[in-house]
Amino acid sequence: MCLFCRIVKGEIPSRPVYRDDRLYAFHDINPQAPLHVLVVPHKHIATLNDLTEEDERLVGAMVRRAAAIAREHGYDRRGFRTVFNCNAEAGQSVYHLHLHLLAGRRLGWPPG
Ligand code: AMP
Ligand code: ZN
């Protein structure tokens with residue numbers, strides 16, 4: 001089983017932010033900003049390349065949840081960034097779909 005499947009099941013500890021029957025959000029272990037949360041579906045999907053039409057509502061829920069968490073932490077007006085890294089050249093290191101939520105500092109553009 002992959003790392004994030006094990007985190008979703010609670011077999012590996014994490015710092016929870018939000019959970020429902022489809023999604024789990026938790027703090028990144030190596031935060032790159034004052035707020036760095038990962039929004040993860042319970043369903044194992046390896047990369048963005050593996051999404052199907054039946055996943056559209058799930059991905060929409062991930063994006064809306066990231067925005068809700070940003071708002072709950074007071075970053076909705078200041079700003080925040082959401083990122084899906086896909087495959088090696090983009091820096092994906094865990095092959096279970098996850099949406100990064102970053103906030104709390106000025107984020108450079110273009111990203112590195
Ligand atoms: P990516 O590089 O886009 O695949 O993102 C994977 C993220 O997972 C990285 O930001 C890591 O810091 C984070 N990560 C890896 N292991 C853990 C863990 N055990 N708990 C929380 N976050 C983790
Ligand atoms: Zn998985």
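This is a predicted model: local features need pLDDT of at least 70, side-chain atom pairs count only at pLDDT 80 or more; totals for chains, interfaces and linings use all residues.
Reader: Why is R78 called exposed?

Author: Its relative accessibility is 62%. Exposed means over 50%. R78 therefore counts as exposed. R78 sits in the loop between α2 (56-72) and β4 (81-83).

Reader: Is H44 buried, exposed or partly exposed?

Author: Partly exposed. The relative accessible area of H44 is 40%. Buried is under 20% and exposed is over 50%, so a value in between is partly exposed.

Reader: How do you know which atoms are donors of the zinc ion (ligand 2)?

Author: By distance. C2 (SG), C5 (SG), H44 (ND1) and H96 (ND1) lie 2.0 to 2.3 Å from the zinc ion (ligand 2). The cut-off is within 2.8 Å. These atoms therefore count as donors.

Reader: What makes the site of the zinc ion (ligand 2) tetrahedral?

Author: The angles among its 4 donor atoms run from 103 to 119 degrees. For four donors, all angles must lie between 85 and 135 degrees. The site is therefore tetrahedral.

Reader: How are the donor residues of the zinc ion (ligand 2) spaced in sequence?

Author: As C-x2-C-x38-H-x51-H. The pair C2 and H44 links distant parts of the chain, 42 residues apart. C2 is in the segment before α1 (3-9), and H44 is in the loop between β3 (35-41) and α2.

Reader: How do you know that β3 and β5 pair?

Author: Count the bridges. β3 and strand β5 (residues 99-103) have 5, in the antiparallel sense. Pairing needs at least two. The strands therefore pair. V37 stands opposite L101 in β5.

Reader: In what order do the strands of the open sheet run?

Author: The order is β1-β2-β3-β5-β4, with antiparallel pairing.

Reader: Why do β1 (16-19) and β4 stand at the edges?

Author: Each has a single partner strand, so one side of each is left without a neighbour in the sheet. From one strand to the next, the twist averages 20 degrees.

Reader: Where does α2 lie?

Author: Across β1, β2 (23-27), β3, β4 and β5. The helix α2 runs at about 155 degrees to β3.

Conventions
Residues are numbered from 1 along each chain as its sequence is written. Chains are lettered from A and ligands numbered from 1 in the order in which they are written. Side-chain values use heavy atoms; hydrogens and water are left out. Helices (H or I, at least four residues) and strands (E, at least two) are DSSP runs, numbered from the N terminus. Buried means under 20% relative accessible area, exposed over 50%, partly exposed in between (1.4 Å probe, protein chains only). Donors are N, O and S atoms within 2.8 Å of the metal (3.2 Å for Na, K and Ca); water is not among the atoms, so sites may look incomplete. Four donors count as tetrahedral if all angles lie between 85 and 135 degrees; four count as square planar and six as octahedral if opposite donors are over 155 degrees apart and all others between 65 and 115; anything else is irregular. Axes are lines fitted to C-alpha atoms, for helices over the stretch in contact, and angles run from 0 to 180 degrees between N-to-C directions. Contact means heavy atoms within 4.5 Å.
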